[in-house]
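Please read it with the model open.

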Amino acid sequence: MTMNQPAQRPFRHRHLLGIRELDAADIIQVIDLADTFMAINERAIKKVPTLRGRTVLNLFFENSTRTRVSFELAAKRMSADAVNISGGGSSRSKGETILDTVRNLQAMNPDVIVVRHSSSGAPEMLSRRIDAAIVNAGDGTHEHPTQALLDCATIRRHKGDPTSVDNCLRGLEVAIVGDIDHSRVARSNVLALCKLGARVRLCAPATMMPFGIEHIGGDETRERVTVHHRLETALEGADVIMMLRIQNERLSGPSLFANNREYSRYFGLSTRTVSYAKPDAIIMHPGPINRGVEMMPEVADGDRSVILDQVTYGVAIRMAVLYLLGAAHGTGPEA
Ligand code: CP
């Protein structure tokens, strides 16, 4: 596809609420399109008129660096008007409900509203009451679909099967390690990776592993996901290692582990523990990293780390998502 042509296949979805609603072909459609936007992002002039005249509202009720900035850049690089609103800077702090806030924003006729919220299901609730396309930029412990899409794109680029269309991660063993219980990134990735043919090993202390997580996607995940409580076992022969941060902001009540030092000893990725994976395994992290806790700096910054590639892909994936949803709300993308 060139930027002078609309996508070959219309996107089947009005909103992007989670990976659960997507099939493998939908995921590949976004990733393929993102690959064309990657080329634009490498140019000296990183701007196309694709979404000229469209309006994107970025509504972040939780802190964010990567997701917020990449959605803003994505909108601006496609010439959409982008407006950023944070929870603290909005009338939410005066007691307005999220639905009232979004209804008022809807009255200004945006095409796409990107929402991050601490409550699981907030974007889905808004999608049933609002005309604009809603994009889930992370909701509670539920889903973070654009993170999983950029993670799959990064894995496909480094490890994927170029001869396969929708089963492009077939045969890959992906270890996801850390606070699985509180991780929307883990949930979206389990769903996406299994749809693309990978096998997933989830690894955490028992206190951070939700019971029955392997059933999250029915038969598709039950057959492909295994649960581990020893890092060495989870990493044995893995092609991809995805480390997760402990989500301290979602923890209440007693601590889930003795202290950072003990957590790091048993579940931290170091030059010693990384050696259990394949010698060419890639190392990922959605960020932000707690250096010295879940990952040692020499691993985060080492040759096998693709963490900054993930961030680069993040802009292109969000351009693809805004294109597919934003274009559908008007008369079509302009070249
Ligand atoms: N990966 C991710 O969601 O990072 P931010 O919280 O910085 O957006």
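1. Some terms come before the core. A nonpolar core is a set of buried Ala, Val, Leu, Ile, Met, Phe, Trp, Tyr and Cys residues joined through side-chain atoms within 4.5 Å. Buried means under 20% relative accessible area, exposed means over 50%, and partly exposed is in between (1.4 Å probe, protein chains only).

2. A word on the source. This is a predicted model, where local features need pLDDT of at least 70 and side-chain atom pairs count only at pLDDT 80 or more, while totals for chains, interfaces and linings use all residues. Residues are numbered from 1 along each chain as its sequence is written, and side-chain values use heavy atoms, with hydrogens and water left out.

3. Start with the largest nonpolar core. It has 98 residues. Ile176, Ile317 and Leu322 touch the most other members. Helix α12 (residues 307–326) gives the largest share, 12 residues. Helices here are DSSP runs of H or I with at least four residues, strands are runs of E with at least two, and both are numbered from the N terminus. A second, separate core holds 16 residues, including Ile85, Val102, Leu105 and Leu126.

4. Look closely at Leu322. Contact means heavy atoms within 4.5 Å. Leaving out residues up to four places away in sequence, Leu322 touches Leu51, Val56, Phe71, Ala74, Ala75, Met78, Val112, Val114 and Ala327.

5. Which residues are around the ligand? They are Ser64, Thr65, Arg66, Thr67, Arg116, His144, Gln147, Pro286 and Gly287. Each has a heavy atom within 4 Å of the molecule.

6. A ligand oxygen is 2.6 Å from an N or O atom in the Ser64 side chain. A ligand oxygen is also 2.9 Å from an N or O atom in the His144 side chain. Gln147 places a polar side-chain atom 3.0 Å from a ligand nitrogen. On its own the ligand has 250 Å² of accessible area, and the protein covers 91% of that. Accessible areas come from the Shrake-Rupley method with a 1.4 Å probe; for residues, only the protein chains shown count as cover.

7. Salt bridges come next. The term means a side-chain nitrogen of Lys or Arg within 4 Å of a carboxyl oxygen of Asp or Glu. The structure holds 19 of them. Arg12 and Asp23 form one, at 3.3 Å from N to O. Both lie in the segment before α1 (24–41), so the pair ties together parts that are 11 residues apart in sequence. Asp23 is partly exposed, at 31%.

8. Asp280 and Lys159 form a salt bridge at 3.1 Å. Asp280 is in the loop between α10 (271–274) and β9 (282–284) and Lys159 is in helix α5 (residues 145–159), so the pair ties together parts that are 121 residues apart in sequence. Asp280 is partly exposed at 46%; Lys159 is buried at 18%.

9. Two further items belong here. Arg187 and Asp181 form a salt bridge at 3.9 Å. Asp32, Asp35, Arg156 and Arg157 are linked in a salt-bridge network.

10. Last, check Asn41. Asn41 sits in helix α1. Is Asn41 buried or exposed? Asn41 is buried, at 12% relative accessible area. A polar contact of 3.1 Å joins its side chain to that of Arg77.

Definitions and conventions:
A polar contact is a pair of N or O atoms within 3.5 Å; within protein, one must be able to donate a hydrogen and the other to accept it, and residues adjacent in sequence count only if both atoms are side-chain atoms.
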